[in-house]
Amino acid sequence: MFISQNFEMDSFSQNPEFTIHSFFTFLDTTIMAVEFEGGVVIGADSRTTTGAYIANRVTDKLTPIHERIFCCRSGSAADTQAIADAVTYQLGFHSIELDEAPLVQTAASLFREMCYRYREELMAGIIVAGWDPRRGGQVYTVPVGGMMTRQPVSVGGSGSSYIYGYVDSNYRAGMSKEECLKFTAEALTLAMERDGSSGGVVRLAVISEQGVERQVILGNQLPKFSTV
Amino acid sequence: ISLLPIQYDLSASTFSPDGRVFQVEYAIKAVENSSTAIGIRCKDGVVFGVEKLVLSKLYEEGSNKRIFNIDRHVGMAVAGLLADARSLSEVSREEASNFRSNYGHDIPLKHLADRVAMYVHAYTLYSAVRPFGCSFILGSYDEDDGPQLYMVDPSGISHGYWGCAIGKAKQAAKTEIEKLQMKEMTCRELVKEVAKIIYIVHDEVKDKAFELELSWVGEVTKGRHELVPKDIKEEAEKYAKVIYIALKHILSKLCPFILNISLSNNIVYILW
């Protein structure tokens, strides 16, 4: 995720002598979410960049939207924070009106509506994951552009391109909570090793009927893979 | 305490000294002038039955329906001023459609009933408008909540029910409904009972011809609200008439000099 500097892109076309350091990078971050029987495991790295400078090396990209619904944010830090705030408000209102816990699908639809309507202005890739009493653990991905689809496993952010192979070959349906945690931590570590825009610590959360358990895996505790 | 409503019944924004809003009560009376509609919730669905009085032989069959589709999974049966009911069905449709557009899934029936009831209630607050002169029964079925049935009346109150009746014969219909064990019945069994109840409460003396409108939503229709298919409806009407005709036959056999028997409001009139 990145913080944008305050200058105009238009000056590039109007003044050919003006050199640009583009601070708009295509979706840094690595985020991931996995469904298991009884809940979901979500994970993210912790790096926020302004160009090459790491503005925050311990960012929390796992944002609560409701008691048992979280979103993993990638893309513009400002855009995703604003969207998450708006959806948190709408979902809270909706939940009180209905007098029951909101569905994860409803939260994902709200994200989708906003991301699609304002697709020209926004740069946000979001994974919505959580648990609701009707359909259990669910993961919905809302990438840039504003489509929405449910997936058992979803990865996002610039670091995700490096781990599609790992995820596709190692994911099995019906994994337990511990297996999902290990799977997510390892995938994120591999992405952080290779992607310059991802790094720091691995933040994990398990969302289930019992509630939310959060954990952090510090840099020196990350799983080790062979260094070539 | 004023028993006479003079002065206090001209607008919905006036209370009477004994705390009543007469306009709302008059609206409820308007519903009681219309023919009966019933809705019953069973184990796996909801069935609606409406006694649609046919005022003229020149009417096309099936016109002026009193059962509406609000959403794929929600149906509405009405009693009272039909024009008011049509306008409310449009309001309900808009509510259901907006909900789906904002939140991405079917509207839960309790929420829809609350929203429409709030709308109906708003019209009981001001002197510039009159309250809606219709009650309606909403029913739906979905996999998570199962069958649901709610009724809204002109005062803007909504309740959830296992069985309810509105219209002129609602007391008689309620008595019949209470005899049923609806929690153990399936939709197919219930369709016949609903037809039977409508035939029983229909007053042959005061009202002549009527059309029976039957609709259902449940597991049997995979959660879609539909009119009951023609063959099942005919079977249900046959069952309803059999009970009724059997009663006539038995009594006429017992007394040969009975000229005519008719059933009205659970009272049998015998002409001899």
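So, helix 1 of chain B: its buried residues pack against strand 4 (74-80) and strand 5 (134-142) of chain B. The helix covers residues 22-32, and the buried ones are B:Phe22, B:Gln23, B:Val24, B:Ala27 and B:Val31. Keep in mind that we're looking at a predicted model here.

There's a record that touches this stretch, too. UniProt, in an unreviewed entry, puts "domain: Proteasome alpha-type subunits" at residues 8-30 of chain B. In the model, that span is 39% helix and 0% strand, and its end C-alpha atoms sit 18 Å apart.

Okay, on to salt bridges. Over all chains, the search of the whole structure turns up 30 of them. Let me walk you through a few in chain B.

Take B:Arg100 and B:Asp71, whose side chains meet in a salt bridge, 3.0 Å from N to O. This pair ties together distant parts of the chain: B:Arg100 is in helix 2, B:Asp71 is in strand 3 (residues 67-71), and they're 29 residues apart. Is B:Asp71 buried or exposed? It counts as buried, because its relative accessibility is 14% and the cut-off for buried is under 20%. B:Arg100 has 26%, so it counts as partly exposed.

Next one: B:Arg130 and B:Asp84, with the closest N and O atoms 2.7 Å apart. B:Asp84 is buried at 9% relative accessible area, while B:Arg130 is partly exposed at 46%.

Now a local one. B:Arg93 and B:Glu90 form a salt bridge at 2.9 Å, taking the closest N and O atoms. Both lie in helix 2 of chain B, 3 residues apart, which is about one turn of the helix. As for accessibility, B:Arg93 is partly exposed at 28%, and B:Glu90 is partly exposed at 45%.

Let's move to where the two chains meet. Chain A puts in 11 residues and chain B puts in 12. About 1000 Å² is buried between them, and carbon and sulfur atoms give 48% of that. How many salt bridges cross the interface? The rule finds 4. One of the bridges is B:Asp144 with A:Arg135, closest N and O atoms 3.8 Å apart. There are also 5 residue pairs in polar contact across the interface. On chain A's side, the elements giving two or more residues are helix 2 (77-98) and helix 3 (104-117). Helix 3 of chain A gives the largest share, 5 residues.

Leaving aside neighbours within four places in sequence, B:His105 is in contact with A:Leu103, A:Gln105, A:Thr106, B:Phe99 and B:Arg100. With A:Thr106, the side chains are joined by a polar contact of 3.0 Å.

Last stop, chain A. It has 5 helices and 12 strands, and buried residues make up 51% of its 228 residues. UniProt's unreviewed entry lists A:Thr29 for "active site". In the model, A:Thr29 is in the loop between helix 1 (11-14) and strand 1 (31-36) of chain A, and it's buried, with a relative accessible area of 0%.

Definitions and conventions: Residues numbered from 1 in each chain as written. Chains lettered and ligands numbered in written order. Predicted model: local features only at pLDDT ≥ 70, side-chain atom pairs only at ≥ 80, totals over all residues. Heavy atoms only, no water. UniProt positions renumbered as here; feature names shortened; annotations may be inferred. Helix = DSSP H or I, 4+ residues; strand = E, 2+ residues; numbered from the N terminus. Buried < 20%, exposed > 50% of the residue type's maximum accessible area, 1.4 Å probe, protein only. Contact = heavy atoms within 4.5 Å. Buried area = accessible area lost by both parts, 1.4 Å probe. Polar contact = N/O pair within 3.5 Å; in protein donor to acceptor, adjacent residues only side chain to side chain.
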